[in-house]
Amino acid sequence: MTTVTLVTAFFPISREQWSKFAKSTQNYLDYFKFWARIKNDLIIYTSPDMVEPIRTIRNSFGDRTTKIIGIKNLTTKEPKIYKMLQGVASQPYSKNFRLTPDNPECWNVDYNFVMHMKYWFMQDASRHLNDNEMLAWIDFGYNHGGEYYLDSEQFAFLWEPKLSPKIHLFLKHELTNDPIFDICRRMDTYVQGSLVVGPANLWQDLYPIYKREVESLADVGLMDDDQTVLLMCYRKKPEIFEIHNDIKAWHSQIQQTCDIKFKVAEHKKNNMQKFRTKFGHKKRCLFYALKTYKHLSAEEIKY
């Protein structure tokens with residue numbers, strides 16, 4: 001058994017104003033409250049105005065070791081990355097290259113920046129631990145308040161997974177050798193970024209790799225969330241990772257690594273739901289093909 005220190009973060013990015021995928025600050029506080037009773041030590045990075053609301057929730061569950069770090073202007077921690085993302089977002093075809101361009105990872109600089117800063121937080125937190133101590137990133141909105149785990153009371157436990165001293169990635173789909181540009185275009189997700197765990201020394205090793213891969217995407221006019229970048233990191237240095245292929249559902253990582261019999265939601269689709277999903281995907285592909293044809297045929301080819 002290995003005791004794990006958890007790291008999370010919440011920085012408001014005006015998501016309640018989005019036309020799609022909108023969520024309010026209160027939504028995220030409610031999501032956090034669902035799992036915040038967990039007994040592991042917890043480090044939280046957030047904006048100064050959110051320190052007390054977050055502390056109030058965590059303290060409501062009694063004696064829990066918690067460190068909350070307020071950061072006034074997050075972009076000052078990695079200004080080059082933020083500027084590169086702004087450059088990508090200024091190119092209309094960067095967004096239109098994607099199959100579902102309204103997804104935030106295709107157009108929202110602040111969203112992608114916060115996703116990438118997860119790994120800055122991890123390397124920062126790891127400086128205060130011994131090399132072999134385990135550290136896990138967990139999304140502030142993990143489980144979306146009951147999307148997979150149904151009973152919040154079951155989170156009143158100490159998570160002690162049996163894991164090797166590597167960075168553990170939990171998959172959503174089996175890995176392929178498809179080129180990254182095509183994965184970005186199709187909007188495929190292979191790695192679940194909601195929970196990633198590994199020893200402190202490897203978080204130090206990972207961040208420079210992660211940062212270079214974000215820059216590599218930006219150099220070719222693309223940006224994406226951390227899940228694609230984690231795949232790129234795995235391809236760059238697979239020896240520091242352990243892959244978990246026993247694919248279940250989003251947010252199932254904790255269930256997969258402990259003995260608690262969690263009450264969980266069933267996410268099996270019936271035949272009509274499968275048909276609608278398949279039809280919707282084919283419809284999007286058709287519109288994408290027409291859009292791409294118009295884009296390519298509008299350009300005069302110079303011989």
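Before the details, a word on conventions: residues are numbered from 1 along each chain as its sequence is written, and side-chain values use heavy atoms, with hydrogens and water left out. Since we are looking at a predicted model, local features need pLDDT of at least 70 and side-chain atom pairs count only at pLDDT 80 or more, while totals for chains, interfaces and linings use all residues.

Let me begin with helix α6, residues 109-126, and helix α9, residues 226-236; helices here are DSSP runs (H or I, at least four residues), strands are runs of E of at least two, and both are numbered from the N terminus. The two helices pack at an angle of about 50°, with axes 9 Å apart, where an axis is a line fitted to C-alpha atoms over the stretch in contact and angles run from 0 to 180 degrees between N-to-C directions. The pair α6 and α9 is therefore oblique, the term for whatever is left once angles under 35 degrees are called roughly parallel, over 145 roughly antiparallel, and 65 to 115 roughly perpendicular. On the α6 side, M115, H116, K118 and Y119 meet D226, V229 and L230 of α9, contact meaning heavy atoms within 4.5 Å.

Helix α9 is mostly covered, with eight of its 11 residues buried, that is, under 20% relative accessible area, against over 50% for exposed and partly exposed in between (1.4 Å probe, protein chains only). Those buried residues pack against α6 and several other elements, including α7 (180-186) and α8 (200-219).

Beyond its neighbours within four places in sequence, Y45 is in contact with residues including V7, I69, W120 and F121.

Which two residues form an edge-to-face aromatic pair? They are W120 and F121, at 5.8 Å centre to centre and 80° between the planes; rings of Phe, Tyr and Trp (its six-membered ring) pair if their centres lie within 6.5 Å, with planes under 30 degrees apart counted as stacked, over 60 as edge-to-face and the rest as tilted. W120 counts as buried at 12% relative accessibility, and F121 is buried at 0%.
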